2 protein chains.
Amino acid sequence: MSDESFGRLVRGAYVQTFPPAIELISEGDSADFLHIVLDGMVELFASWNRRETTMATLGPLATFILAATIRDAPYLMSARTLEKTRIVLLPSEDVRTVFATDNAFARSVVAELATCYRTVVKNSKDLRLRNSIERLANYILRHLDTADGGKGFVLPIEKRRLAAYLGMTPENLSRAIRTLGQYGVEVDGNRVTITDRADLERLAKPTPLIDDPGH
Amino acid sequence: MSDESFGRLVRGAYVQTFPPAIELISEGDSADFLHIVLDGMVELFASWNRRETTMATLGPLATFILAATIRDAPYLMSARTLEKTRIVLLPSEDVRTVFATDNAFARSVVAELATCYRTVVKNSKDLRLRNSIERLANYILRHLDTADGGKGFVLPIEKRRLAAYLGMTPENLSRAIRTLGQYGVEVDGNRVTITDRADLERLAKPTPLIDDPGH
DNA sequence: CTTGATGGTTGATAAATATCAAGCGATGTC
DNA sequence: GACATCGCTTGATATTTATCAACCATCAAG
């Protein structure tokens, strides 16, 4: 975007550091600020009728919630910090103003929105087409760390949150993990290790049309 | 958008009429055309591992699939006609060209994308937070025709497709309908009538943050 | 050290949902 | 009019998932 637009955005913006477990926004609230995670971790969640579910977990450089800001509509999700988190807050009105005047910015917003949209669609396919064990198996395959030769990784979130994200109860996640033992998955605390990727893939049947975060 | 941009878009575009049950696009294909429904009905669906689910049903003036066109990425969903359907096909390259040069068009694309995004998020909440009977109850409440005093409506799609959209089997939809009889829902063929909206709402607990299509 | 809180696990059981097989009723074809 | 097809429904049963209660390990506070 132009320097002028950038200045305009930055003028009213501020950076704030939040402690863990702070609810940053609540679904239904009006979109006063566009949030950008600089450091730490944020959970997007939604509630209905005394039930709650995790919609996504965000790390550094993720934005939320862009669509509500652009549309000037109420948030559809709530957000809370999972750990000490630093966040940029951009007043929604400034974002809309710059969006209306700076074309390069507007196009960047589209790129970001299109990515978010495709992410949610993939998530929806995952939920609709797979059962809980298949979802867990694919989650593991998606998170395998290329750093250690694709042999394992450390769960970035608590298991109860992972369970909520995968659409199951913590009890069921426990059992699902045990079931995956037959497919070469070993879980010790937050450490996940696999011994036979091919075997796990035979069960998980991953596809880029659901599991590739980039595409 | 400008007349020039419009001309550019229209130049390579064409309108085509398709018979029922034609697969217009398949997930995984590259996004050659942006589609706009003029008349008729189109089902967006997705498949994995010999399972299939309905993601959405589109009527006149809906577009698909915008995000893939903008990002020049493969379709995440397939689409088929449910009846005789007239569709505008806009070459993706033209859409991207006009998107890059016409600012008003780019902003309209954002508005459309933001709406699509929010629709999918609401859909995801519906699936994650409600069981099948609650989903059906809310579906009925959403579709109550204001025309006939909110007393009923005609199902726009076959029941087996409704079942797939609501994330259940046709057998289960049948039983769910019978269960809703206790809450004043009468279904005769495709005709749905309710006798006690308040009663149904006590079960369905609708909320604009999931069920309001506009917001 | 105790103590209490918390996240996780396990087993028993219940509820929700899917599967399979059969049958029904409307529709269209020959 | 006989017949096949198709969408839908029903009943019986199996599978998946949730719930409830108990217990375990860890960790921090007193």
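Tutor: Start with a definition: two strands pair if DSSP finds at least two bridges between them. The model is predicted.

Student: How many bridges join strand 10 to strand 11 of chain A?
Tutor: Strand 10 covers residues 185-188 and strand 11 covers residues 191-194 of chain A. They run antiparallel. Pairing needs at least two bridges. The number joining these strands is four.

Student: Which residue in strand 11 of chain A is the bridge partner of V187(A)?
Tutor: Look in strand 11 of chain A for the partner of V187(A). That residue is V192(A).

Student: Which residue in the hairpin of strands 10 and 11 of chain A takes a positive phi?
Tutor: The hairpin has two residues between the strands. Phi is near 65 degrees at G189(A).

Student: Which element supplies the largest share of the side of chain A that touches chain B?
Tutor: In all, 41 residues of chain A are in contact with 41 residues of chain B. Elements of chain A that each supply at least two residues to this side include strand 4 (42-48), strand 5 (51-58) and helix 4 (103-129). The largest share is 19 residues, and it comes from helix 4 of chain A.

Student: How many residues of that side of chain A are nonpolar?
Tutor: Nine are polar and ten are charged. The nonpolar residues number 22.

Student: Which helix supplies the largest share of the surface near DNA strand D?
Tutor: Both chains contribute: helix 5 (132-143) and helix 7 (170-180) of chain A, with helix 6 (159-165) and helix 7 (170-180) of chain B, each supply at least two residues. The largest share is four residues, from helix 7 of chain B.

How values were computed: Residues are numbered from 1 along each chain as its sequence is written. Chains are lettered from A and ligands numbered from 1 in the order in which they are written. This is a predicted model: local features need pLDDT of at least 70, side-chain atom pairs count only at pLDDT 80 or more; totals for chains, interfaces and linings use all residues. Two residues are in contact if their C-beta atoms, placed from the backbone, lie within 7 Å. Ala, Val, Leu, Ile, Met, Phe, Trp, Tyr, Cys and Pro count as nonpolar, Asp, Glu, Lys and Arg as charged, and the others, Gly among them, as polar.
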